[in-house]
Amino acid sequence: MAINIDDIYNGDLRAIARAISVVENSSSGATELIEKIYPNTGSAHRIGITGPPGAGKSTLVDKLTHLYTESGKSIGIVAIDPTSPFSGGALLGDRLRLQGFSLNKDVFFRSMASRGSSGGISRKTGEVVDILDSSGKDVVMIETVGVGQSELEVAGMADTTIVVLVPESGDGIQAMKAGLMEIADIFVLNKSDREGADLMIANISESLELRDDLNWTPKIVKTSAINNEGIVELKESIEEHAEWLSSEELIGSKRNIRLINRVKEIILEELNEQFWTDERRSLLEKFVSENGKKPDSPYKIIENLKKV
Ligand SMILES: Nc1nc2c(ncn2[C@@H]2O[C@H](COP(=O)(O)OP(=O)(O)OP(=O)(O)O)[C@@H](O)[C@H]2O)c(=O)[nH]1
Ligand SMILES: [Mg+2]
């Protein structure tokens, strides 16, 4: 069924949901859809929320959603790869539904599986965010579990990146430094109702001293999401960062970098797809496992694949 672009622009929940499915399933018309809506993007503030499993990301998103809707803002939420059906994305969806947000035209929630998907998850997520942005949402939040490459991709997608840690993250902070520490515009120390919160905050500020790219000093916000504590401060920090981005005229260059990366990613996907014909796929198997023969080097194999 054709999707009416005006319905998306008017925030029609069913039109948005249909558009997202088209992108998610790479159905025909996905490219045209993004082409059409793209000019209408750029007004939403994109917030990435990442951190270790169970840190309280969804609980924070839930509480922030309340604050934002109370102040008259409309919200889009994308949760990528919920760790399990019992936590994370699915749960967040349930929670929002229970609170009646599903009837609320101003809140749209979608969870996306990255595992077992046909690939292109960060491209697709970017496109889902575009759809929500074009539908007039003031704020789009992207939640993803920070276990590897994904947190860096979230940072690439967001105007403001929030890294959520908990008091128990202490030992792991060294290991995470390379990834999480570099990308955060705001640190949230959640579960501050537990022991060790202040020590962890001291740890974070100490490791920030090692960052040398700092024309923005990352905020550290202490929250206890389940008790709704620190959420107002978090929202204020997000707003401060957004203001800083626009006052320094950085939002434009951030978006340009994002666009460049998206183009590169799509090209990569396309070239990959073009190269891997069925014939080459089965030839590769054959080249590697020819009976009794030591396989050629990867370069030799590639040379032979290119011949077909
Ligand atoms: N003590 C305490 N527990 C919290 C707090 N915030 C969240 N939790 C609990 O921590 C658990 C995980 O919370 P979620 O919000 O689902 O965490 P998440 O980071 O979204 O989890 P994944 O998406 O599975 O990685 C839940 O049982 C929450 O109730 C907090 O501030 N203090
Ligand atoms: Mg979650």
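Which residue just after H4 takes a positive phi? In this predicted model, that residue is Gly 72, with a phi of about 85°.

H4 runs over residues 57–70. Its 14 residues reach 20 Å from first C-alpha to last, close to the 20 Å expected at 1.5 Å a residue. Of those 14 residues, 10 are buried, so H4 is largely enclosed by the rest of the structure.

Now for the metal. Ser 58, through OG, and Glu 143, through OE, coordinate the magnesium ion (ligand 2) at 2.1 Å. The two come from distant parts of the chain, 85 residues apart: Ser 58 sits in H4, while Glu 143 belongs to strand S4 (residues 139–145). Both Ser 58 and Glu 143 are buried.

As for packing, nonpolar side chains in soluble globular proteins tend to be buried together. The largest nonpolar core here has 28 residues, and those touching the most other members are Ile 47, Tyr 68, Ile 77, Met 141, Ile 162, Leu 234 and Ile 238. H4 gives the most to this core, with five residues. A second, separate core holds 26 residues, including Ile 16, Ile 20, Val 78 and Leu 132.

Leaving aside residues up to four places away in sequence, Ile 162 touches Ile 47, Gly 48, Ile 49 and Thr 50, along with Ile 186, Val 188, Leu 234 and Ile 238.

Terms used. Residues are numbered from 1 along each chain as its sequence is written. Chains are lettered from A and ligands numbered from 1 in the order in which they are written. This is a predicted model: local features need pLDDT of at least 70, side-chain atom pairs count only at pLDDT 80 or more; totals for chains, interfaces and linings use all residues. Side-chain values use heavy atoms; hydrogens and water are left out. A nonpolar core is a set of buried Ala, Val, Leu, Ile, Met, Phe, Trp, Tyr and Cys residues joined through side-chain atoms within 4.5 Å. Buried means under 20% relative accessible area, exposed over 50%, partly exposed in between (1.4 Å probe, protein chains only). Helices (H or I, at least four residues) and strands (E, at least two) are DSSP runs, numbered from the N terminus. Contact means heavy atoms within 4.5 Å. Donors are N, O and S atoms within 2.8 Å of the metal (3.2 Å for Na, K and Ca); water is not among the atoms, so sites may look incomplete. The expected span of a helix is 1.5 Å times one less than its number of residues.
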